Amino acid sequence: MSALALAPPFPLRLGEDARAMPGDPPATADHELVEKLRAGDEAAFAELVDMYGAALLGVARMYVKDKAAAEEVVQETWLGVLQGIDRFEGRSSLKTWIFRILTNRAKTRGEREGRTVPFSALAGAGDDEASVDADRFLGPDSAQPGAWAAPPRAWPHDAALNSEALAVIQMAIEMLPDAQREVIRLRDVLGFSAEEVAEALEISDGNQRVLLHRARSKVRAALEKYLDPEVAA
Amino acid sequence: MRIPLLTPKPLACQELVELCTAYLEGSLSSRDRRRFEAHIGACPHCTAYLEQFRLTIEATGSLTEETIDPAARDELLSVFRDWNAAR
């Protein structure tokens with residue numbers, strides 16, 4: 001078994017593009033986890049499954065025809081992770097590597113099913129959606145076109161964090177289009193960086209940002225509807 | 001005669017709300033970043049909006065990720081044991 005190679009100062013990316021590495025710290029936690037997996041530590045594997053299992057399933061669902069197919073892809077992915085773990089060199093983070101394995105398998109499977117849904121198509125959907133309803137702003141004939149007509153009001157800080165508000169957020173996320181839902185989940189729920197999401201889903205940085213912005217804007221709108229229904233109405 | 005410096009066109013509130021993620025990601029051009037910050041500095045409504053946007057991100061971050069179906073989890077753990085035993 002080979003020792004985990006030290007990441008070079010400017011790691012090579014797995015992908016075809018060579019975006020600069022973000023402020024990724026040397027993946028010490030990854031290193032430990034990888035060593036545990038190599039040593040056959042089941043608890044370490046269970047921890048990974050609990051952390052990313054549901055998100056992997058969500059991403060797989062974007063490409064394949066049904067839940068059963070997605071579950072198969074996820075299982076193949078985990079097997080791929082185990083079979084490849086000895087060769088994992090830490091050039092990307094462990095989670096990015098896992099999601100890339102999934103994305104590739106899910107795409108292949110989707111193509112076999114005749115579901116060629118390029119991510120760019122999923123990503124492009126909703127490009128022209130407004131972040132805030134146009135009728136919240138003054139119209140083009142007003143003295144100040146595009147200024148707030150029904151401005152947002154400050155929320156009490158803790159209000160957005162109580163359990164009811166969190167349920168509103170959860171619901172809003174579930175109702176998002178697939179690509180937006182998975183991007184906000186990876187970024188804002190699971191804490192992936194922008195670069196990690198772009199790499200994991202094999203989308204451009206710009207696509208990632210558009211999807212994230214659409215998702216966040218809709219979640220904010222749902223939260224406003226709950227916290228300040230008069231103004232959001 | 002001096003050529004006047006080009007002052008960037010101010011952002012409308014309706015434009016600003018489309019740029020919040022790009023602003024927070026640090027991916028606006030320096031010109032757009034200045035326009036964004038100049039607007040925020042003068043507009044309490046957009047300040048409130050950006051704050052709501054930040055709170056939304058913070059609250060989303062406090063969600064716990066759902067877990068997978070226990071049967072599927074057990075199956076994966078047995079895949080792990082088989083893999084480990086075969087090494």
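Me: What makes up chain B in terms of helices and strands?
Reply: In this predicted model, chain B has 5 helices and 0 strands. From the N terminus on, its elements run α-α-α-α-α.

Me: Why is chain B called more spread out than a compact globule?
Reply: The globule rule gives 12 Å for 87 residues, whereas the radius of gyration of chain B is 24 Å, well over that value, so chain B is more spread out than a compact globule. The C-alpha trace of chain B spans about 85 × 30 × 15 Å along its principal axes.

Me: What makes H3(B) roughly perpendicular to H4(B)?
Reply: Helix H3 (residues 30-42) of chain B packs against helix H4 (residues 44-61) of chain B at an angle of about 110°, and their axes are 5 Å apart. Angles of 65 to 115 degrees count as roughly perpendicular, so H3(B) is roughly perpendicular to H4(B).

Me: Which residues meet where H3(B) contacts H4(B), and how many of them are nonpolar, polar or charged?
Reply: From H3(B), Phe36(B), His39(B), Ile40(B) and Ala42(B) meet Pro44(B), Cys46(B), Thr47(B) and Leu50(B) of H4(B). By class, this contact has 6 nonpolar and 2 polar residues, with no charged residues.

Me: What percentage of the residues in chain B is buried?
Reply: Residues under 20% relative accessible area count as buried, and they make up 39% of the 87 residues in chain B. Chain B exposes about 5,300 Å², of which carbon and sulfur atoms supply 56%.

Me: What share of the contacts in chain B with a separation of 6 or more comes from residues 24 or more positions apart?
Reply: Such residues account for 52% of those contacts in chain B.

Methods:
Residues are numbered from 1 along each chain as its sequence is written. Chains are lettered from A and ligands numbered from 1 in the order in which they are written. This is a predicted model: local features need pLDDT of at least 70, side-chain atom pairs count only at pLDDT 80 or more; totals for chains, interfaces and linings use all residues. Side-chain values use heavy atoms; hydrogens and water are left out. Axes are lines fitted to C-alpha atoms, for helices over the stretch in contact, and angles run from 0 to 180 degrees between N-to-C directions. Helices (H or I, at least four residues) and strands (E, at least two) are DSSP runs, numbered from the N terminus. Angles under 35 degrees count as roughly parallel, over 145 as roughly antiparallel, 65 to 115 as roughly perpendicular and the rest as oblique. Contact means heavy atoms within 4.5 Å. Ala, Val, Leu, Ile, Met, Phe, Trp, Tyr, Cys and Pro count as nonpolar, Asp, Glu, Lys and Arg as charged, and the others, Gly among them, as polar. The radius of gyration is taken over C-alpha atoms; the globule rule is 2.2 Å times the number of residues to the power 0.38. Buried means under 20% relative accessible area, exposed over 50%, partly exposed in between (1.4 Å probe, protein chains only). Accessible areas come from the Shrake-Rupley method with a 1.4 Å probe; for residues, only the protein chains shown count as cover.
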